[in-house]
Amino acid sequence: SRFCSVARISHSVVLPNGDVKVRLNVFGRAKLVAIISTAPFFKARVQHLDPQTDFALDKGTQDLIAKTKETYSVLSQYDQILDDQNFVVQDTFDPGVLADVICGLLPLRPPEGLAVLEEVHPVKRLRLAASYLNAQVDVTVTRDRIASQAQNELGKLHHEEMLREQI
């Protein structure tokens with residue numbers, strides 16, 4: 001079975017290399033029933049899935065939401081695009097919507113994106129999003145630390161070279 005998002009294109013940009021980047025407004029989830037056509041555009045028959053609303057925002061879920069928002073804030077300090085969306089993340093309290101917003105902003109590989117898309121339960125989807133978010137923070141912080149160390153080493157080498165020239 002295949003799952004998909006039902007969305008409208010809200011913005012598209014043709015990149016210099018000819019690729020097209022699109023921003024979507026997702027308004028639902030669906031299960032793919034049949035592909036009707038692929039040319040001149042993709043058309044499919046889908047079965048809409050009702051969003052799950054029978055979950056409780058218990059203490060554990062509230063803590064997960066708070067921790068996920070905190071982690072997103074840390075990551076947004078390293079990326080202007082993520083920082084620009086921080087107000088949206090901080091103002092979202094539905095776990096499923098929060099997961100979708102965050103995953104829409106992260107550079108997920110296709111299998112990761114598909115895993116998020118296929119998870120219908122909002123709290124489980126947020127847990128999945130939080131794990132991808134934590135992994136991205138680890139990568140970003142490590143990359144920043146390595147870049148900083150390399151910059152320090154280059155600075156030391158430059159300083160030593162200047163001292164040698166003065167002697």
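Biologist: What share of the contacts in the protein chain with a separation of 6 or more comes from residues 24 or more positions apart?
Modeller: In this predicted model, residues 24 or more positions apart account for 48% of the contacts that have a separation of 6 or more.

Biologist: And how many helices and strands are there, and in what pattern?
Modeller: The protein chain has six helices and three strands, and reading along the sequence gives the pattern β-β-β-α-α-α-α-α-α.

Biologist: Which residues have the most contacts inside the largest nonpolar core?
Modeller: That core has 19 residues, and those with the most contacts inside it are Tyr72, Leu75, Leu98, Ile102, Leu106, Leu126 and Leu133. Helix H1 (59-76), helix H4 (95-105) and helix H6 (122-166) are the elements that give two or more residues to this core, and H6 gives the most, with seven residues.

Biologist: What does Leu106 touch, leaving out residues up to four places away in sequence?
Modeller: With those residues left out, Leu106 touches Leu75, Tyr132, Leu133 and Gln136.

Biologist: Changing topic, is Asn86 buried or exposed, and why?
Modeller: Asn86 counts as buried because its relative accessibility is 15%, and the cut-off for buried is under 20%. Asn86 is found in helix H3 (residues 86-90), and, not counting residues up to four places away in sequence, Asn86 touches Tyr72, Ser73 and Ser76.

Biologist: Now the surface: which residues make the nonpolar patch?
Modeller: The patch, of about 560 Å², is made by Ile9, Val14, Val20, Val22, Leu24 and Val26. Strand S1 (3-14) and strand S2 (20-37) each supply at least two of its residues, and the largest share, four residues, comes from S2.

Biologist: Where is Val20 found, and is Val20 buried or exposed?
Modeller: Val20 is found in strand S2, and Val20 counts as exposed because its relative accessibility is 53%, with the cut-off for exposed being over 50%.

Conventions: Residues numbered from 1 in each chain as written. Predicted model: local features only at pLDDT ≥ 70, side-chain atom pairs only at ≥ 80, totals over all residues. Heavy atoms only, no water. Patch = residues over 30% accessible without salt bridge, like charges linked within 9 Å, V, L, I, M, F, W, Y side chains within 5 Å. Areas by Shrake-Rupley, 256 points an atom, 1.4 Å probe, with all protein chains shown as cover. Salt bridge = Lys/Arg side-chain N within 4 Å of Asp/Glu carboxyl O. Buried < 20%, exposed > 50% of the residue type's maximum accessible area, 1.4 Å probe, protein only. Contact = heavy atoms within 4.5 Å. Core = buried A, V, L, I, M, F, W, Y, C linked by side-chain atoms within 4.5 Å.
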